[in-house]
Amino acid sequence: MTMRRPSFPLAAVLLLVALLTLPPSVLPAWAQTPASAGAGTPSSAMRAAGPLAYVPNEGSGTISVIDTGSDQVIAELPGGSKPRGLAVGANRRWLYVSDQPHNRLQLVELGSRKLGATVALGESPEGVSMSPDGRWVVAALEGKNEIAVLDTRSNALAHSITVHGKNPEHAVFSPNGRLLFVSAEEGEAVDVIDFASRKQVAQIAVGARPRGIGFLPDSSRAYVATENANEVFVIDTTSFAVLARIKAGLRANGIAVHPSGREVYVSNGGDANVSVIDTATNQVIATIPVGQRPWNMALTPDGKKLYVANGRSNNVSVIDTASRSKLRDVAVGKLPWGVVIR
């Protein structure tokens, strides 16, 4: 029996030939592949159901990317030799990561998932943060007692600001972008920089070994965790007066503030838990168990979930903020240092 070859309509054949000869930039959206979607655009694996959580793993030199919609790791990016502080560019093209052993800021391109340029900073960069308008990236330089300021328009170093405190670890913008609070790890103080003038305008005494810093959404108050004092200091950002001292857990270090401003979360590295502070009463109202050595944290933009990096457990605990309970642990790289969500 003779088999007949299936025939295809001539129009379908002509359409296929036309698509194959078109350049990727003009293909219709349904015919594009991630590789033809344009430089700097995240691939399909990076498209997610929710905002992305970026976790620098200082022990493995990687950055784990978690889809906060599914709580699944969807990518592992290179992060330099020892990534710690991290900020996400406003256009989501670049990650800015402190590479402590090499005294530099490492850029990571999200589209290609490859290491990009590096920017020399100075000895021992740690905490990194982004200005609210996305224009500036700042990095705390422990070895130089300075804050390095990078202009994201050129990805070049623009300024260096000297601080009075010794061994700065975190430099965090107030939500209105006017102030930069810097925790002086060995100075038992917080340095306050007026960012417009690039000058220090105050120094506020706090407890021993200040670390994490967070602000109320209206910028009226700052919350500073002090690791050796096991306390959180509440600071008025106009008068720079200490309004309250709140007893937290053992080795309090990380701070995250709920978008509503009603609650502040404190990671307690020695207790393997997170304290929840009611900002109206300045009282701890809940304690949530997490992994070992919880460190820096971040909330989803809607405030529904808190992600806590657990350095000794090599995972991230996901907390439901409504029920104040842990939902799950997400395995990441070795020695996760923090979380940034965007």
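**A sheet, a pocket and a buried strand**

Modeller: Strands E4, E5, E6 and E7, in that order, make up an open sheet of four strands with antiparallel pairing. Strand E4 (83-88) and strand E7 (114-120) form the edges with a single partner strand each, so one side of each has no neighbour in the sheet. From one strand to the next, the twist averages 25°. This is a predicted model, in which local features need pLDDT of at least 70 and side-chain atom pairs count only at pLDDT 80 or more, while totals for chains, interfaces and linings use all residues. Residues are numbered from 1 along each chain as its sequence is written, and side-chain values use heavy atoms, with hydrogens and water left out.

Biologist: What makes strand E5 and strand E6 a pair?

Modeller: Two strands pair if DSSP finds at least two bridges between them, and E5 (residues 94-99) and E6 (residues 104-109) are joined in the antiparallel sense over six bridges, so they count as a pair. In this pairing, Trp94 stands opposite Glu109 in E6.

Biologist: Why is strand E21 called largely enclosed?

Modeller: A residue is buried when its relative accessible area is under 20%, exposed when over 50% and partly exposed in between, using a 1.4 Å probe and protein chains only. Six of the six residues of E21 (residues 263-268) are buried, so the strand is largely enclosed by the rest of the structure. Glu263, Tyr265 and Ser267 point one way from E21, whereas Val264, Val266 and Asn268 point the other way, and all are buried.

Biologist: Which strands does E21 pair with, and over how many bridges?

Modeller: E21 runs antiparallel to E20, joined by five bridges, and is also paired in the antiparallel sense with strand E22 (residues 273-278) over six bridges. Val264 of E21 stands opposite Val257, and in E22 the bridge partner of Val264 is Ile277. The hairpin of E20 and E21 has five residues between the strands, with Gly261 in the turn at a positive phi of about 80°, while the hairpin of E21 and E22 has four residues between the strands, where Ala272 takes a positive phi near 55°.

Biologist: What is the make-up of the lining of the largest pocket by class?

Modeller: Ala, Val, Leu, Ile, Met, Phe, Trp, Tyr, Cys and Pro count as nonpolar, Asp, Glu, Lys and Arg as charged, and the others, Gly among them, as polar. By these classes, the lining has 29 nonpolar, 14 polar and three charged residues. Its largest share, five residues, comes from E4.

How values were computed
Helix = DSSP H or I, 4+ residues; strand = E, 2+ residues; numbered from the N terminus. Axes fitted to C-alpha atoms, helices over the stretch in contact; angles between N-to-C directions.
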